[in-house]
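I opened my notebook to look through one structure, step by step.

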Amino acid sequence: MTQLAIGRRALVSLVAIASALALAALLAGCNEDCWGNCHHCEDNQPPAVPTGVGSITGDTYVLVYWNPVYEADLAGYGVYRSNSANGAYARIGEVRRDQDDLFRDEDLTNGVTYYYAVDAFDEAGNESDLSYETVDDTPRPEGWDAHWYTRQYRPEASGIAILPEQYDAPVLMSYADPDAQYYLTIDASNCMRIVPKQGLYGVWNLIQDYGYTTSEDQVDEAPTEGWSTCRDGVEVVVGHSYVLKTAAGYYGKLRVTEMASDGIIMYWAFQGKWGSTELAPKRGVGPKRG
């Protein structure tokens, strides 16, 4: 072997030994103070941004939900709310990773719109950006097992009106009352019908048979077309949902759960925000943190 080859081999060995020593020193220092001064060991990586954010409208509450974030060090989620689409978002609560991916925001005012976003945080305290897909939701009153009577059985309780400015539930009154927007009657064919009335300034209250529904939440938003043009109303069918649009510009819905000779038993909900078609979930715009 030549002296040049021997020299090269010795140089390679020295480089390998030096590299091994440097790595050993680095690992020893990290083991002594991994979370203190050894910056390459710190966790500065935030979790992924939550996706699939949505909401369910309730009576004085809103349920906010999202898709889970699958990361080993995930600690939980922060839920944020704003009172305007372009306003700052304030944190209103958190949900730990071992809980459901759901947050219930309570004690809200029906008819007022709220805006929501969600972030994720890990065990090291890193927080993701706020969700890009956010929710605006307007809680509204609802009720079950309301009894609405036919004009033939109880004329004084056969009319109904949605009056958000005065009441947080539909009001039963005489079908002949000027405030009555709809009334329940039995026609010449012995069929029960919901009949819309003409409102102020000649504007008609509208109704649409939404068809058979298996739950109240299937009607999530009032339609913009398809309203009945029959002034004698729509036939009542058990299990059907009906959407209402009053002459005053408010929307509501009802679902017939039972029918008897004196009237119907129904679920109802109406939107107290003028012009809002939102009766259940609805998605919104991008947030900014406050």
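**Entry 1**

In which sense do S2 and S5 pair, and over how many bridges? I looked it up: the sense is antiparallel, and there are four bridges. I note here that the model is predicted.

I took one bridge from this pairing. Val 64 has Phe 103 in S5 as its bridge partner.

Next I checked S1, residues 54-57, against S2, residues 62-65. They also pair in the antiparallel sense, over four bridges. Ile 56 stands opposite Leu 63 in S2. The hairpin of S1 and S2 has four residues between the strands. In this hairpin, Thr 60 takes a positive phi near 70°.

I moved on to S15, residues 240-245. Is this strand enclosed or open? Five of its six residues are buried, so S15 is largely enclosed by the rest of the structure.

I then looked up its partners. S13 and S15 run antiparallel and are joined by six bridges. Leu 206 stands opposite Lys 245 in S15. S15 also pairs with S16 in the antiparallel sense, over five bridges. There, Leu 244 has Gly 252 in S16 as its bridge partner.

The hairpin of S15 and S16 has five residues between the strands.

**Entry 1: salt bridges**

How many salt bridges are there? The count comes to eight. I looked at some of them.

Arg 81 and Asp 105 meet through their side chains, at 2.7 Å from N to O. This pair links distant parts of the chain. Arg 81 is in strand S3, residues 74-82, and Asp 105 is in S5, residues 102-105. They are 24 residues apart.

I compared their cover with the cut-off. Buried means under 20% relative accessible area. Asp 105 has 7%, so it counts as buried. Arg 81 has 24%, so it is partly exposed.

Glu 94 and Arg 96 form a salt bridge too, at 3.5 Å from N to O. Glu 94 is partly exposed, at 41% relative accessible area. Arg 96 is partly exposed as well, at 33%. Which residues are linked in a network of salt bridges? I found Arg 91, Glu 94, Arg 96 and Glu 127.

I also noted Arg 140 and Glu 142. Their side chains meet in a salt bridge of 3.3 Å, N to O. Both Arg 140 and Glu 142 are buried.

**Entry 2: charges over rings**

I looked for charged residues over ring faces. Arg 104 lies over the face of Tyr 61, at 3.8 Å from the ring centre. Arg 231 lies over the face of Trp 204, at 4.2 Å from the ring centre.

**Entry 3: aromatic pairs**

A pair of aromatic rings is described by the distance of the centres and the angle of the planes. I counted six aromatic pairs.

One of them is Tyr 175 with Tyr 183. The centres are 5.8 Å apart, the planes are at 55°, and the pair is tilted. Tyr 175 has 30% relative accessibility, so it counts as partly exposed.

Why is the pair of Trp 227 and Tyr 251 called tilted? The ring centres are 6.5 Å apart and the planes are at 35°, so the pair is tilted. This pair links distant parts of the chain, 24 residues apart. Trp 227 is in the loop between S13 and strand S14, and Tyr 251 is in S16. Both Trp 227 and Tyr 251 are buried.

**Entry 4: a surface patch**

Which residues make a nonpolar surface patch of about 420 Å²? I wrote down Leu 200, Tyr 201 and Val 203.

Leu 200 lies in the loop between S12 and S13. It is exposed, with a relative accessible area of 66%. I also checked its distance to Asp 179. Leu 200 and Asp 179 are 21 residues apart in sequence and 9.2 Å apart in space, C-alpha to C-alpha.

Val 203 is in the loop between S12, residues 192-196, and S13, residues 206-212. Val 203 is partly exposed, at 40%.

Terms used:
Residues are numbered from 1 along each chain as its sequence is written. This is a predicted model: local features need pLDDT of at least 70, side-chain atom pairs count only at pLDDT 80 or more; totals for chains, interfaces and linings use all residues. Side-chain values use heavy atoms; hydrogens and water are left out. Patches are made of residues with over 30% relative accessible area and no salt bridge: like charges are joined within 9 Å, nonpolar side chains (Val, Leu, Ile, Met, Phe, Trp, Tyr) within 5 Å. Accessible areas come from the Shrake-Rupley method with a 1.4 Å probe; for residues, only the protein chains shown count as cover. A salt bridge is a side-chain nitrogen of Lys or Arg within 4 Å of a carboxyl oxygen of Asp or Glu. Helices (H or I, at least four residues) and strands (E, at least two) are DSSP runs, numbered from the N terminus. Buried means under 20% relative accessible area, exposed over 50%, partly exposed in between (1.4 Å probe, protein chains only). Rings of Phe, Tyr and Trp (its six-membered ring) pair if their centres lie within 6.5 Å; planes under 30 degrees apart count as stacked, over 60 as edge-to-face and the rest as tilted. A charge sits over a ring if NZ of Lys or CZ of Arg is within 6 Å of the ring centre and within 35 degrees of the ring normal. Two strands pair if DSSP finds at least two bridges between them.
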